[in-house]
Every structure is written in C-alpha cells, then in structure tokens.
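Please look at the sequence and the structure first.

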Amino acid sequence: MDDSPINRLPEDPLHQIFSSLSLRQIMICRSVCKLFNQILTSSSFMHLISTRSHLNLLALRPPHQHHHYHNHSRHVSLFTSLHMYDPDQNQWLRFNLDFLPFRSPHPVASSLGLIYLWANSPDSPDSNKSLIVCNPLTRQYRALPQLGSAWSRHGSVLVDSRSRVMVLTELAALYFSFSQKTQQWLKFSSNLPSKPRCPIVVSKSVFALCDVGSPWRSKWKLFYCAVKNMLNLNVNVMNNNWECLERHEWGDIFNIMKRPRLIRGNGNKILMIGGLKSSYSLNQSCLTILILRLDLETMEWEEATRMPEEMHRWFQDSKFKVFGGGDRVCFSGKKVGRLALWDCCEWRWIDGVPGNGDELFRGFMFEARLTAVP
C-alpha cells in the first residue's frame, strides 16, 4: 500500500472524494487500511462531514454477566463488542470495545452519538464502577467519577439532550454534567412511591411508571418531574417535585395493560407498551401486545398499533423485553430465536441475532455519528 499512487494524492482531493460517501460507507472504508483510517478520522475530514446525517441503529445490551458464569466462554465476545442492527439496510453491525481499558463493559444508554456503559477499572475492586462515555465509531472515550456497584445494579441511566447524566433509583438520584466546575456526582433524594420502571427523558422532563398497588395486585401510575426542578441545587431534594400525571378522561388505561413499559416516541410523545389483558383476574392471559401513544401537548392517548396474532404467538407464553425509540419498537423474547420489530407502519422479524438466539436482550436506540466527541 505504501507504493500505491493514492499515497501521492494531496489530502484535500482525498477528503472531497470520501465526503461523497454515505456515513455507512465511510465506516466500512475506515477498516480497509491504516491510510484510510488516518484520513477518515482526521479533524479536517470530521469538520467537512460535520453536517452529515446520522444513522439510526438498534443497539443490543449484552446479558448481565452474573447470569452467565456457567457458560462464560460463550458470552465473552458479547462483552468486548457491541452489536447493532441497521433497520434501513436490514443488516447487523459489530463494533469492538477493545479500545476501552476497562473490564466488563456493559452498555446501558446513548445520546447524540455517544454510548454510556458501566465498567470496572483495571486497578479498582469490583465494588467500584465507572460510567464510561464513548463513541465506538471514533474509539474515543471518557470516564466519569467512580461509583459503588449498587448504582450500576439498581440505577437507571438517563441522558438528556444537553448531555446531562442522571442515575435514578427509588430513593435517590445522581446527577453529573460535563459543564459543572466540580466534575463530581451530585446526589439528591427522590423518594418515589416504588422503583421507577422504564424511566425516560422527554421534553425536558423525566417520566417513569411506578407501582402504587399492593403486593398481590399491581396498580401502575405515571409520574414525572421537570429536569430543572430535579436539579435544584439549593434544595438538594426532589421528593416534592415528582407528580402523578393523570386525567379523569384516561379512565383505567394503565389497568388494561400487563407490565407496561415506556419508550420515548417522536417529538413530545411517549409510547407505552404492554400485554392487553383479557380480564382483570390476577393470572390473566393477554390477548395481544399493545402499543399506545401519549401526546404530551394534547394529553390524549391513542392506539399506535398492536402485534399481529401470528407474531404474538411467539411471545404470549414467554418473558419478553422491549426497547427502541421514535416509531421503532423492538421485542426480544426468551427462546424466540429472533427479534420482532415494529417499524413505523409495519411489523417484521429480525433474524441473525447474535449468540444462539435464546438470549433475552435489552437495548436502546443509537444515533451513530462520526463527529460526536465524549
């Protein structure tokens, strides 16, 4: 390659040639040779393509490590790489995480082209965890201050549009901003009625489902808190800022769904996904899986879609997980062997899932951007 005529070309013409490629093609070209990688990761080329649109990918979170001690070798590749699905091209992509000098990286969230993951530092005990922010496309990373492992086990990681990071639990929450002077985690009391289920950030507020029922029967309510109220540094408390969001006209909308989940929709919309109960008995079966949409401007619910019967048969007797965003919702079921995807107006299967297809995957939406800097 050193004797190739391409080495004698000036940098500017090469930048113009490569800038005509799509982001997907640029990612492929970076792995061709060292020269291409150097050209396509240079600051001048990054500036040239800074306005390039991003790729919307579905990223898989690997199964929790402590669930798989009995077969560690089969899962080791899932912990050193990140598997993503490109819905537009119907293909799987794989990003190595071997550039991270940390043990057991576990991706949990993403925002604006960056991925947030829990990991152990090589020289720290397992009781300490760090939240790492990285761009797997450029292989750049940054570590946030260390935390106890309890936060990684019980906390939900949220990142808003201003890259403010929150770790939310039932009793407390942590907050970190790259712009703050102290560069330390700030801790607040939350005092929610129960463990927050599927918390999301929409329109500068945090929304979460909480079970306010009894040990024998669940009763779900939707709670919310504005981020600016949550981060009242003078008060250092947010138990009075959480409010139950409900309307009389909603009726029993939360009671018709079994184990509802929240996903951020497009704009100021929230998606709620769960099994449609066939009755109000304790161990009722579900007729189908329902996706409802709440418009935060009009405060009206509507049915977005429901899973087709032939697809629901694979999930009706199986534990399943839901992830996605916008108008894309992905379903992973135990021993289903593939993923089900609602893609705006159609339902389809996703084949080629990493592993043997029996895993129960969680995940998140990832906006792949070459220009995102941790």
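Glu-246 is partly exposed, at 42% relative accessibility; the term covers the range between buried (under 20% relative accessible area) and exposed (over 50%), with a 1.4 Å probe and protein chains only. The model is predicted, so local features need pLDDT of at least 70 and side-chain atom pairs count only at pLDDT 80 or more, while totals for chains, interfaces and linings use all residues. Residues are numbered from 1 along each chain as its sequence is written, and side-chain values use heavy atoms, leaving out hydrogens and water.

Glu-246 forms a salt bridge with Lys-221, meaning that a side-chain nitrogen of Lys or Arg lies within 4 Å of a carboxyl oxygen of Asp or Glu. This pair links distant parts of the chain, 25 residues apart: Lys-221 is in strand β15 (residues 220-226) and Glu-246 in the loop between β16 (243-244) and β17 (257-264). Strands are DSSP runs of E with at least two residues, numbered from the N terminus. Lys-221 is partly exposed as well, with a relative accessible area of 22%.

The count comes to 12 salt bridges, including these:

| Pair | Closest N and O atoms |
|---|---|
| Asp-88 and Arg-328 | 2.8 Å |
| Lys-221 and Glu-246 | 3.1 Å |
| Glu-346 and Arg-348 | 3.6 Å |

Arg-328 is buried, at 13% relative accessible area.

Arg-348 is buried at 18%, whereas Glu-346 is partly exposed at 43%. A network of salt bridges links Asp-88, Arg-328, Asp-343, Glu-346 and Arg-348.

Key. Helices (H or I, at least four residues) and strands (E, at least two) are DSSP runs, numbered from the N terminus.
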